[in-house]
Amino acid sequence: MLVGSMAIKEKTLHIGGISVKELAKKFQTPLYVYDVKYIKNQINLYQTYFKSSKFETAVAYASKAFLSKDLITLLNDKGMYLDVVSGGELYMAKTYNFDMSNVLFHGNNKSKEELSFALEQQVGLIVVDNLDELKVLNTLSKSNQTPVKTLLRVNPGIEAHTHEYIVTAKHTSKFGVSIYDDLKLQQLIDIYAANELLSLEGFHSHIGSQIFDISSYIKSIKVMKKFLDKMSNKFNISSPILNIGGGFGIYYTNEDDILDIPKTTTTIIKEVENTLDIKKLMIEPGRSIVGNAGMTLYKAGYTKKTFGGKEYVFVDGGMSDNIRPALYNAKYSADIANNMTGKKAKEYTIAGKLCESGDELIKHIKLPQVKDDDLIVVYTTGAYTYSMASNYNLALKPAVVFVEDETAKLSIRRQTYKDLLQYEV
Ligand code: LLP
C-alpha cells in the first residue's frame with residue numbers, strides 16, 4: 001500500500017520525491033527509509049485532535065518503537081512528550097537535547113542507577129511500577145532532597161489485541177499494580193503520604209498494542225472511572241493525570257484496518273469528558289507515528305525452487321533487521337520497488353540470509369518474476385524493527401535514511417565490520 005509521499009514514477013517507487021534506485025545506490029542495502037512528512041503528519045493529527053476544553057492533554061511518543069537523533073529533534077520541535085523505558089533511551093534523549101520536563105520514565109525494573117540518573121536529569125514524570133521501586137524512589141528523593149513527580153502504573157485487568165479485548169479474571173501481567181489490589185494500593189499511598197518530596201500526580205494504564213477497536217479504550221476508561229472514584233473516596237486523590245498508554249493499530253497487510261486517528265482520539269476525549277474528573281489526559285503512541293513512515297529496501301539475491309516446490313527469493317538482510325515475522329509471526333507486504341507495475345505472476349517466500357530456517361520475512365507473496373539485483377521493498381517497517389535489530393550472525397545493522405522534499409539525509413550510518421569488534425577487550 002502506498003502511503004504518505006510514496007509514488008510510482010517510471011515503474012519505480014519514489015519516496016519523498018526520490019527514486020529508491022537512487023537511495024539504494026547512494027546508501028546501499030539493506031536500508032531503512034523514513035518518510036519524514038508522514039511522521040510529521042501523524043504527530044500533527046494526534047496534536048490537533050487529542051484536545052479538550054475540559055482538561056489538559058499531551059501526546060507522548062513511545063521511544064521503544066524507534067529512536068534516533070533526528071527523530072528526537074523532530075519530536076522536541078513539535079512539543080511532543082517522550083516515553084522512555086531504559087537508562088539508554090533516557091541517555092539518548094538527554095544527549096540530543098530533548099526537553100527533560102516532557103519525559104516520562106517507564107519500566108518495571110528500573111535500577112537505582114537509572115532512577116538516580118532520571119532524578120539528576122529532572123525528568124518530568126517517573127511512572128512507578130511497583131512497591132519496591134517506590135521504596136527506592138522514596139529513599140533517593142530524601143537523600144538527594146529532590147522533589148519527584150510520579151504516575152502510578154496500574155493494571156486495569158484488560159488486555160486488548162487487534163479486534164478484541166479480554167477482561168482477564170487473573171491479573172498476572174508483570175506491569176503495574178492491580179486496580180483491585182487494595183492492600184498494595186494502601187501501602188503505596190502510605191509511602192507517598194509520609195514524604196512531601198514524593199508526589200502522586202496520577203495514574204497510567206496501557207492495554208496493549210496494534211489495537212483497532214475503539215471499544216477497547218472505552219472499556220478501559222470505564223474501568224478506570226471506577227478505580228479513580230475509589231482512589232478519590234478512599235485516599236482523597238482528586239483530579240489526577242490519567243495516561244491511557246499507546247497501542248493504536250496500523251496497516252501492515254490487507255488483514256488490517258486503518259485506524260482513523262481523528263475519529264479514535266475524539267471518541268476517547270469525548271468519553272473521558274463525559275465520565276472522568278481529571279486534570280490531564282495523556283496518550284503514548286509509538287507504532288502509529290513511525291510504523292507506516294518506514295520501509296526497508298533490500299537487494300534481491302539468489303532465487304531457489306526447492307525439491308518440495310517452495311520458491312524462495314533471498315534478500316541481503318533478514319531477521320537481524322526485522323525480527324517481527326520470526327518472533328510474532330508478523331505479516332508484511334512488499335513489492336519489487338523497481339518494477340511496481342509488473343504483473344504479479346509468481347508466488348515467492350522472501351527469506352533472509354541468516355543461518356536459520358525461520359528467517360523468512362514474508363511467506364507466499366505474489367510478485368513479478370524476480371530478476372538479478374531487483375530491489376525489494378518491505379513496507380511498514382518503521383516501528384519495532386531497527387529498535388529490535390540485532391547482530392545475529394554478526395550481520396551489520398543497516399543505515400537509516402530520512403527522506404523529505406527530494407532530500408535524503410543519512411540519519412544513522414550502516415555498521416561496519418570494525419563496529420563489530422568495538423566491545424572486545
Ligand atoms: N506505552 C506503553 C507503556 C507501552 O508498553 C507501549 C508498547 C506503548 C506505549 C506504545 O505502544 P504502540 O503505540 O507502539 O503500540 N515489540 C512489539 C510491540 C511491543 C509494544 C510494547 N509496548 C511489536 O513489535 O509488535
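The model is predicted, and local features are described where pLDDT is at least 70, side-chain atom pairs count only at pLDDT 80 or more, and totals for chains, interfaces and linings use all residues. Numbering runs from 1 along each chain as its sequence is written, and side-chain values use heavy atoms, with hydrogens and water left out.

We may begin with the ligand. It is surrounded by 18 residues, of which S209, E284, R324, Y328 and Y384 are the closest; a residue is near the ligand if one of its heavy atoms lies within 4 Å of it. Several of these approaches are polar contacts, that is, pairs of N or O atoms within 3.5 Å; within protein, one atom must be able to donate a hydrogen and the other to accept it, and residues adjacent in sequence count only if both atoms are side-chain atoms. S209 places a polar side-chain atom 2.4 Å from an oxygen atom of the ligand.

Aromatic side chains come next. Rings of Phe, Tyr and Trp (its six-membered ring) pair if their centres lie within 6.5 Å; planes under 30 degrees apart count as stacked, over 60 as edge-to-face and the rest as tilted. By this rule the model holds 10 aromatic pairs. In one of them, Y32 and Y386 have ring centres 5.3 Å apart and planes at 80°, so the pair is edge-to-face. Y32 belongs to strand β4 (residues 31-35) and Y386 to the loop between β21 (375-379) and β22 (399-404), so the pair ties together parts that are 354 residues apart in sequence. Helices (H or I, at least four residues) and strands (E, at least two) are DSSP runs, numbered from the N terminus. Both partners are buried, with relative accessible areas of 1% for Y32 and 17% for Y386; buried means under 20% relative accessible area, exposed over 50%, and partly exposed in between (1.4 Å probe, protein chains only). Y34 and F66 form a stacked pair, 4.5 Å centre to centre with 20° between the planes. This pair also links distant parts of the chain, 32 residues apart, with Y34 in strand β4 and F66 in the loop between β5 (56-62) and α3. Y34 and F66 are buried. Ring pairs link Y32, Y34, F66, Y386 and F402 into a cluster.

Helix α4 (residues 87-95) has G87, E89, L90 and A93 buried. These residues cover an arc of only 165° around the axis, which puts them on the same side of α4; the arc is that of the directions from the helix axis to the C-beta atoms. Their cover includes α3 (69-77), β6 (81-84), β7 (103-105) and α5 (112-120). Just after α4, N97 takes a positive phi of about 65°.

Two residues in short strands are also worth a look. S19, in strand β3 (residues 18-19), is buried at a relative accessible area of 13%, and its side chain reaches the backbone nitrogen of K21 at 3.0 Å. T12, in strand β2 (residues 12-15), is buried at 4%. Leaving aside residues up to four places away in sequence, T12 touches A7, S19, V20, K21, A337, N338 and M340, where contact means heavy atoms within 4.5 Å. T12 and A337 are 325 residues apart in sequence, yet 5.7 Å apart in space, C-alpha to C-alpha.

Finally, some backbone details stand out. The peptide bond from T29 to P30 is cis, with omega near -10°, and P30 lies in the loop between α1 (20-27) and β4. H364, in strand β20 (residues 360-367), has a positive phi near 50°. D373, in the loop between β20 and β21, likewise has a positive phi, near 65°, and counts as exposed at 52% relative accessibility.
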